[in-house]
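Open the model in your viewer and keep the sequence panel beside it.

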Amino acid sequence: MNIRPRLSGVRLLLLGAPLVLAGCSSMSGFSWSSLSPLNWFSGSSSSMQVTDQGVGGITASTPLVENDIKAGLKGDFRLRSGMATNDGKLVSFYQAMKDDQIKLVISGQAKGTVERIDVMDTTIPSQWGVKIGTPFSDLYQKAFGACRKGAGDDAAQIECAAPESKHVSYLFTGDWHGPEGLMPADDSLQSWKVSKIIWRAKSE
């Protein structure tokens, strides 16, 4: 029985294997990790941004309704609704939860449209590249003309208008040992960092 053809076929296959492997190694930009099932269903919040128009797919025309909020967020957030008072007015809100942490708060008048969005998610930056943790010194040299004391639960922080937008502002947190109620000195503010990005439907 002649088995040479089969052996020669195996020999050809073995000789061809390095060529196939070489071809695979030359596929620039390809990542085998992209084939992992863990990457197929990753959340989309990392692609969301705070813009002059809103956050993700939520804008000033978005109804303050759970299904519309879910559709606008485009991520795997769990929503929790509630009511609160703001400047003496009763407002409705939705807290967007992930990993048992509040990542966003979407609020407005009951049965109305979205009026404000507070972003605490570190994966959602503004369209100008500002994100949670960005230092004050990266954006401003001084507080005058751009910043004011925070209000309500944010009274210990300062809020500064985004240079590029009348709808977006940044809330900064840091150490301040001066008199309560006064704006921290500019030198102290340089090390303060963004703790929240705020979008408002009405321009400031």
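Select S165 and H167: the backbone nitrogen of H167 lies 2.9 Å from a polar atom of the S165 side chain. This is a predicted model, in which local features need pLDDT of at least 70 and side-chain atom pairs count only at pLDDT 80 or more, while totals for chains, interfaces and linings use all residues. Residues are numbered from 1 along each chain as its sequence is written, and side-chain values use heavy atoms, with hydrogens and water left out.

Is S165 buried or exposed? S165 counts as buried because its relative accessibility is 7% (buried is under 20% relative accessible area, exposed over 50%, partly exposed in between, with a 1.4 Å probe and protein chains only). Colour by secondary structure and you will find S165 in the loop between β8 (158-161) and β9 (168-173) (strands are DSSP runs of E, at least two residues, numbered from the N terminus).

Next, select β4 (89-98), β5 (101-108) and β6 (114-119). β4 and β5 pair in the antiparallel sense over seven bridges (strands pair if DSSP finds at least two bridges between them). Look for Q95, which stands opposite V105 in β5. Two residues lie between the strands of this hairpin, where D99 takes a positive phi near 55°.

On to the other partner: β5 and β6 run antiparallel, joined by five bridges. I106 stands opposite I117 in β6. The hairpin of β5 and β6 has five residues between the strands, and K111 takes a positive phi near 65°. Six of the eight residues of β5 are buried, so β5 is largely enclosed by the rest of the structure.

For the last stop, select N86, V91, S107, R116 and D118. Among the 31 residues that line the largest pocket, these lie nearest its centre. β4 gives the most to this lining, with four residues.

Terms used
1 Å grid on protein atoms, 1.4 Å probe; cavity = no way out; pocket = protein on both sides within 12 Å on 5 of 7 lines; lining within 4 Å. Polar contact = N/O pair within 3.5 Å; in protein donor to acceptor, adjacent residues only side chain to side chain.
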